[in-house]
Amino acid sequence: MPVTVFLLVMLAAFAAFGSEGATAAAGAAGEHAGAAASAIPVDPAAGAAAAAASTTAWWVWPLVLFVVTFVMGILAVLGGVGGGVLFVPIIGGFFPFHIDFVRGAGLLVALAGSLAAGPGLLKRNLASLRLAIPVALIASTAAIGGALVGLALPANVVNTMLGSAIILIVIIMGTAKKSDFPNVPRQDNLSKALGIMGIYREESIGQDVEWHTHRTPGALATFVVIGFMAGMFGLGAGWANVPVLNLMMGAPLKISVATSKFLLSITDTSAAWIFINGGAVLPLMVVPSLVGIMLGSLVGVKILAKTKPKSIKWMVIGLLFFSGLRSLLKGLGIWP
Amino acid sequence: MTNEKTKATEEQLLYAKILSYGTWIGLATMVTTFFLYVTGILAPVVPMDRLQTCWSMKAKDFMHELGLPHGWNWVSLAGHGDYLNYVGIVFLSGLTVVCYLAILPILIRKKETPYVIIAILEVLVLVLAASGILKVGGH
């Protein structure tokens with residue numbers, strides 16, 4: 001797939017550029033002494049990245065961000081993943097920005113994608129407000145905790161944990177089964193009390209499908225972990241939302257995917273506020289990334305009709321694994 | 001073919017409507033303010049070259065180094081190109097609270113007590129997150 005190859009080449013170029021920057025950093029120390037080498041300690045990798053960044057005209061970065069996120073937006077649609085989960089490891093691994101800013105931007109990218117998709121999914125009754133509201137309360141509260149902890153941790157710890165989480169996500173994406181219409185023999189008491197049920201028109205079989213959920217308490221407990229991870233790493237959480245809504249709670253696959261997408265607009269909002277108030281949002285990063293990924297998604301939807309999604313899904317999983325590995329090695333100081 | 005049973009509920013449709021308008025207003029605001037920022041029509045608080053040398057710092061150190069305001073204090077700097085961008089960002093981030101507040105009267109009218117309680121709690125959680133009261137450890 002040409003776009004995947006293009007993205008990989010760009011990322012490899014950025015990785016090489018970062019290493020050159022590290023070498024140049026020693027010679028350029030005087031130039032940067034007033035800023036990066038201030039009284040505030042900056043970790044060596046960040047210092048090298050700052051040096052690399054400062055040798056490039058400022059406008060190059062938003063432009064490159066736009067191009068990379070545009071390609072990312074195409075791949076996200078073709079690979080069936082959220083933009084946020086690609087954004088954080090790729091931008092965090094190969095660009096000079098601190099991981100705090102990358103996560104802040106990642107949350108806003110996932111939030112904007114979810115806000116844009118939400119109205120259509122709600123109107124078509126594919127995203128269920130009845131299912132989303134209780135889950136969102138748990139996930140958004142946990143996301144605040146995750147964001148606070150994530151912003152307090154040093155970059156190497158965040159990168160190590162992020163890399164591990166991404167590799168775990170790759171495993172989940174590669175192995176998780178999905179069920180179009182899971183069998184829910186008996187609705188649990190909590191689900192009954194909350195009236196978590198619905199009916200939607202399944203066009204593929206030309207029938208109305210009634211659904212309700214089970215194992216609700218366990219699923220809500222799982223959303224504590226999902227919300228926390230979403231807030232901590234600035235990831236969209238579709239990779240975890242969908243299996244829990246579909247396989248654990250027993251919601252039909254379409255309802256699970258749509259509700260998950262809508263759910264991110266609430267979960268990511270709470271974490272985004274923590275990043276905004278903590279100063280971890282750079283408009284110079286956020287706006288080109290957000291516009292790039294949204295335009296890329298629009299193009300991706302058009303390409304989707306003419307491609308074989310399964311093979312592309314594996315390419316995206318490979319790209320994600322590579323980015324996760326990069327974060328892990330960066331965190332461990334093996335590939336700074 | 002859609003029938004009454006498969007239609008989205010009244011509150012769901014209202015939520016969708018607000019979200020739809022709000023998202024496009026927010027995105028248009030973000031793109032406009034970004035244009036004013038990068039073209040230099042409105043001067044930023046942090047010059048681009050200075051920003052470039054500091055964006056690899058931890059957010060907390062970045063703010064301290066550049067003497068930037070925390071939480072909602074950015075509002076006083078909204079006349080500058082960089083901080084004006086926060087208007088769109090904050091607008092998009094605040095949209096969910098507006099949607100919840102809008103559907104509350106419908107949930108109350110329908111006597112959906114558990115959902116009324118959950119929706120109120122959600123609003124409180126989001127307002128708490130937005131308030132800036134919750135902070136990462138001091139410097």
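Guide: We will go from confidence to the chain contact, then to helix packing and a hairpin.

Visitor: What should I know before starting?

Guide: This is a predicted model: local features need pLDDT of at least 70, side-chain atom pairs count only at pLDDT 80 or more, and totals for chains, interfaces and linings use all residues. Residues are numbered from 1 along each chain as its sequence is written, while chains are lettered from A and ligands numbered from 1 in the order in which they are written.

Visitor: What is the mean pLDDT of chain A, and of chain B?

Guide: pLDDT is the predictor's confidence in each residue, from 0 to 100. Chain A has a mean of 83, with 83% of its residues at 70 or more. For chain B the mean is 93, and 96% of its residues reach 70 or more. The model as a whole scores ipTM 0.94 and pTM 0.87.

Visitor: How many residues of chain B are in contact with chain A?

Guide: Two residues are in contact if their C-beta atoms, placed from the backbone, lie within 7 Å. By that rule, 62 residues of chain B touch 66 residues of chain A. On the chain B side, the elements giving two or more residues are α1 (10-38), α2 (48-54), α3 (59-66), α4 (81-109) and α5 (113-131). α1(B) gives the most, 14 residues.

Visitor: What classes of residue make up that side of chain B?

Guide: Ala, Val, Leu, Ile, Met, Phe, Trp, Tyr, Cys and Pro count as nonpolar, Asp, Glu, Lys and Arg as charged, and the others, Gly among them, as polar. The side of chain B that touches chain A has 35 nonpolar, 17 polar and 10 charged residues.

Visitor: At what angle do α13(A) and α1(B) pack?

Guide: Axes are lines fitted to C-alpha atoms, for helices over the stretch in contact, and angles run from 0 to 180 degrees between N-to-C directions. Here the angle is about 130°, and the axes are 10 Å apart. α13(A) and α1(B) are therefore oblique to each other. Angles under 35 degrees count as roughly parallel, over 145 as roughly antiparallel, 65 to 115 as roughly perpendicular and the rest as oblique.

Visitor: Is the crossing of α13(A) and α1(B) left-handed or right-handed?

Guide: A crossing is left-handed if the near helix is turned anticlockwise from the far one by less than a right angle, and right-handed if clockwise. α13(A) and α1(B) cross in the left-handed sense. A:Pro283, A:Val287, A:Leu290 and A:Val291 meet B:Met30, B:Val31, B:Phe34 and B:Tyr37.

Visitor: How far apart are the axes of α4(A) and α13(A)?

Guide: Helix α4 (residues 60-79) and helix α13 (residues 283-304) of chain A have axes 6 Å apart, at an angle of about 35°. Their crossing is right-handed. The contact has 21 nonpolar, seven polar and no charged residues.

Visitor: Which strands of chain A form a hairpin?

Guide: Two strands pair if DSSP finds at least two bridges between them. β1 (residues 197-202) and β2 (residues 207-212) of chain A pair in the antiparallel sense over six bridges. The hairpin has four residues between its strands, and A:Gly206 in the turn has a positive phi of about 65°. A:Glu202 stands opposite A:Gln207, and A:Ile199 has A:Glu210 as its bridge partner.
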